[in-house]
Amino acid sequence: MITNPFGSGRELVARAPEFRSRFRTWRGGRPFWAGLFTFAAGLPILYWPYANLNLGGIPLALSTTSGAGSLLIGTLLLSLGIALCCRPHLRVFAGIATLLLAVVSFPVANFGGLFLGVALGLVGGSLACAWLPPPAGEPPTAPDDRAAVPGAGAAAAATGEGRSGT
């Protein structure tokens with residue numbers, strides 16, 4: 001008998017805040033957005049040379065000699081995006097490699113995936129180079145987790161935190 005491995009809908013809804021909190025903690029300890037932008041940069045670079053489009057019955061093909069270059073650059077950008085999320089200590093290498101691949105994709109891979117891959121690659125590489133890991137003594141927590149701790153509001157009020165105009 002096959003059962004639902006995720007449980008019923010009510011169980012999923014009940015576990016959603018815990019999952020969201022754990023995901024936020026995981027995301028806080030790595031350059032998540034840099035990896036996401038880098039991964040997204042590889043998709044249009046890979047797509048355009050191999051897409052078959054029809055505009056009013058006229059076939060439009062961007063498959064030129066850039067097909068091999070697009071395959072190589074797109075695959076590398078996808079793997080760098082995954083590496084940024086899985087191996088945050090490689091952030092500088094992956095960021096510089098992403099920036100270089102994004103710039104090289106402009107002349108090699110159909111204007112860098114019709115400018116979309118270049119733009120996403122430059123943003124992802126810049127975010128990867130600029131990201132700093134959280135301090136060693138402090139675990140990565142979300143800003144609104146402090147409000148969930150009992151008594152945190154009273155401590156913040158006593159120290160003057162959260163008041164505007166001071």
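The model is predicted, so local features need pLDDT of at least 70, side-chain atom pairs count only at pLDDT 80 or more, and totals for chains, interfaces and linings use all residues. Residues are numbered from 1 along each chain as its sequence is written, and side-chain values use heavy atoms, with hydrogens and water left out.

Start with the layout. The protein has seven helices and two strands. Here helices (H or I, at least four residues) and strands (E, at least two) are DSSP runs, numbered from the N terminus. From that end the order is α-α-β-β-α-α-α-α-α. Of the 166 residues, 31% count as buried. Buried means under 20% relative accessible area, exposed means over 50%, and partly exposed lies in between (1.4 Å probe, protein chains only). A contact means heavy atoms within 4.5 Å. Among the contacts with a separation of 6 or more, 71% join residues 24 or more positions apart.

The largest nonpolar core has 13 residues. Such a core is a set of buried Ala, Val, Leu, Ile, Met, Phe, Trp, Tyr and Cys residues joined through side-chain atoms within 4.5 Å. I45, I73, L77, L80, L84 and L101 have the most contacts inside the core. The elements that give two or more residues to this core are α2 (32-47), α3 (66-86), α4 (91-108) and α6 (116-130). Helix α3 gives the most, with four residues. Take L80 as one example from the core. Leaving out residues up to four places away in sequence, L80 touches T38, F93, A94, A97, T98 and L101.

Now look at how the helices pack. Two packed helices are described by the angle between their axes and the distance between the axes. The axes are lines fitted to C-alpha atoms, for helices over the stretch in contact, and angles run from 0 to 180 degrees between N-to-C directions.

Take α4 and α6. They pack at an angle of about 160°, with their axes 8 Å apart. That makes α4 roughly antiparallel to α6. On the scale used, angles under 35 degrees count as roughly parallel, over 145 as roughly antiparallel, 65 to 115 as roughly perpendicular and the rest as oblique. The crossing of α4 and α6 is left-handed. A crossing is left-handed if the near helix is turned anticlockwise from the far one by less than a right angle, and right-handed if clockwise. On the α4 side, the residues that meet α6 include G95, T98, L99 and A102. On the α6 side, they include G121, L122, G124 and G125. By class, this contact of α4 with α6 has 10 nonpolar, seven polar and one charged residues. Ala, Val, Leu, Ile, Met, Phe, Trp, Tyr, Cys and Pro count as nonpolar, Asp, Glu, Lys and Arg as charged, and the others, Gly among them, as polar.

Turn to α2 and α6. Their packing angle is about 160°, and their axes are 8 Å apart. The two helices are therefore roughly antiparallel to each other. Here the crossing is left-handed. Residues of α2 that meet α6 include W33, F37, T38 and I45. Their partners in α6 include L116, L120, G124 and G125. The contact of α2 with α6 has 12 nonpolar, five polar and no charged residues.

G125 lies in α6. It counts as buried because its relative accessibility is 0%. Beyond its neighbours up to four places away in sequence, G125 touches T38, G95, T98 and L99. The C-alpha atoms of G125 and L100 are separated by 8.7 Å, though these residues are 25 apart along the chain.

T38 lies in α2. It too has 0% relative accessibility, so T38 counts as buried. With neighbours within four places set aside, T38 is in contact with L77, L80, G81, L84, T98, G124 and G125.

L46 is another residue of α2. Residues up to four places away aside, L46 touches S70, L71, G74, T75 and L78. S70 lies in α3, and it is buried, with a relative accessible area of 0%.

F115 sits in the loop between α5 (110-114) and α6. Its phi is near 70°, a positive value in a residue other than glycine.
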